[in-house]
Amino acid sequence: MIPNWPDRLTKAPSRATLLKNGIDVFEADTRRWARRVAYYKNSLNLKLGTAAIRNVMDMNAFFGGFAAALTSDPVWVMNVVPPRKPSTLGVIYDRGLIGVYHDWCEPFSTYPRTYDLIHVTSIESLIKILGSGKNRCNLVDLMVEMDRILRPEGTVVIRDSPEVIDKIGRIAQAVRWTATIHEKEPESHGREKILVATKKFWKLPSASH
């Protein structure tokens, strides 16, 4: 029996048990994303909760914890589960959220400039060959695809290791994003850093008469 909305957002559904210790993992993930989103709003000054951000994508959604933490905001979140990751889309649906499977070595079927904010945790893992240090496709191509579906003046938030974030920062500069790198929230473990980037609004210079 799935609880009614909004309780279903935070109560672990039975399909979470398809993963080892799934209930515990679900509950820890829900708490983690509540902390992270609070940090995004309070310390990184992301415009979550304002009219500037309406359409959001989480490119590596897992259980949809990021989207669930945005429940009080006027946003619509597309949760994307890469097919080479654990099959968690059923849990996302049980939470009352929406989502799709998608391989990020392929274009995402959407109009250009659809999303106001794109969020991704562990971006390099989306294109890695499992058990290998090699990539199945190019990180530059993935970021160009992100640029295509992000609206001008939209925001990208990427969490990854310092080494990957440095690499992402160089590519961000090449695609003309304005990027800053931040420390993770104090409660988080691990070596993650957070890159926050804004896509520039390009316009032709006005013609002189």
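This report describes the sheet, helices, cores, disulfide and some local features of a predicted model.

Seven strands make up an open sheet with mixed pairing, and their order across it is 3-2-1-4-5-7-6. Strand 3 and strand 6 (177-183) are at the edges; each has a single partner strand, so one side of each has no neighbour in the sheet. From one strand to the next, the twist averages 20°. Strands of a sheet pair through backbone hydrogen bonds, in either a parallel or an antiparallel sense.

Strand 1 takes part in two parallel pairings. With strand 2, the parallel pairing has four bridges, and Asp 58 stands opposite Asn 79 in strand 2. With strand 4, strand 1 pairs in the parallel sense over three bridges; here Val 56 is opposite Leu 117 in strand 4. An antiparallel pairing links strand 5 (residues 150-160) with strand 7 (residues 193-199) over six bridges. Val 156 stands opposite Ala 197 in strand 7.

## Helices on the sheet

Helix 1 (residues 22-42) lies across strand 4, strand 5, strand 6 and strand 7, and runs at about 130° to strand 5. Helix 5 (residues 162-174) also packs on the sheet, where it touches strand 5, strand 6 and strand 7; the direction of helix 5 makes about 160° with that of strand 5.

Helix 4 has a set of buried residues: Leu 139, Leu 142, Met 143, Glu 145, Met 146, Asp 147 and Ile 149. These buried residues pack against strand 1 (55-58), strand 4, strand 5, helix 5, strand 6 and strand 7. The N-terminal end of helix 4 is capped by Asn 138, which has a side-chain oxygen 2.7 Å from the backbone nitrogen of Val 140.

In soluble globular proteins, nonpolar side chains tend to be buried together. The largest nonpolar core in this model has 30 residues, and Met 57, Met 59, Ile 123, Met 146 and Ile 158 have the most contacts inside it. Two or more residues of this core come from each of strand 2 (76-81), strand 4, helix 4, strand 5, helix 5 and strand 7. Another core, of 24 residues, lies apart from the largest one, and includes Leu 9, Val 37, Tyr 40 and Val 77.

Met 146 is one of the buried residues of helix 4 and also one of those with the most contacts inside the largest core. Ile 158 touches Met 146, along with Val 120, Ile 123, Ile 165, Ile 168, Lys 193, Ile 194 and Leu 195, leaving aside residues up to four places away in sequence.

## The disulfide

How many disulfides does the model contain? The count is one. Cys 105 is joined to Cys 137, with an S to S distance of 2.0 Å. The link of Cys 105 and Cys 137 is left-handed, with -80° about the S-S bond.

Cys 105 is in the loop between strand 3 (98-101) and strand 4 (115-121), while Cys 137 is in the loop between strand 4 and helix 4 (139-149), so the pair ties together parts that are 32 residues apart in sequence. Cys 105 has 24% relative accessibility and therefore counts as partly exposed.

## A buried histidine

His 102 belongs to the loop between strand 3 and strand 4, the loop that also holds Cys 105. Is His 102 buried or exposed? Its relative accessible area is 10%, so His 102 is buried. The side chain of His 102 reaches the backbone oxygen of Glu 106 at 3.0 Å. Leaving aside residues up to four places away in sequence, His 102 touches Val 80, Val 81, Pro 82, Pro 83, Pro 107 and Phe 108.

## Backbone features

Trp 5 and Pro 6 are joined by a cis peptide bond, with omega about 5°. Pro 6 is located in the segment before helix 1. Asn 21 is also found in the segment before helix 1, and its phi is near 55°, a positive value in a residue other than glycine.

Glu 153, in strand 5, has a phi near 70°, again a positive value in a residue other than glycine.

Technical notes
Residues numbered from 1 in each chain as written. Predicted model: local features only at pLDDT ≥ 70, side-chain atom pairs only at ≥ 80, totals over all residues. Heavy atoms only, no water. Disulfide = S-S within 2.5 Å. Buried < 20%, exposed > 50% of the residue type's maximum accessible area, 1.4 Å probe, protein only. Pairing = 2+ DSSP bridges. Axes fitted to C-alpha atoms, helices over the stretch in contact; angles between N-to-C directions. Contact = heavy atoms within 4.5 Å. Polar contact = N/O pair within 3.5 Å; in protein donor to acceptor, adjacent residues only side chain to side chain. Core = buried A, V, L, I, M, F, W, Y, C linked by side-chain atoms within 4.5 Å.
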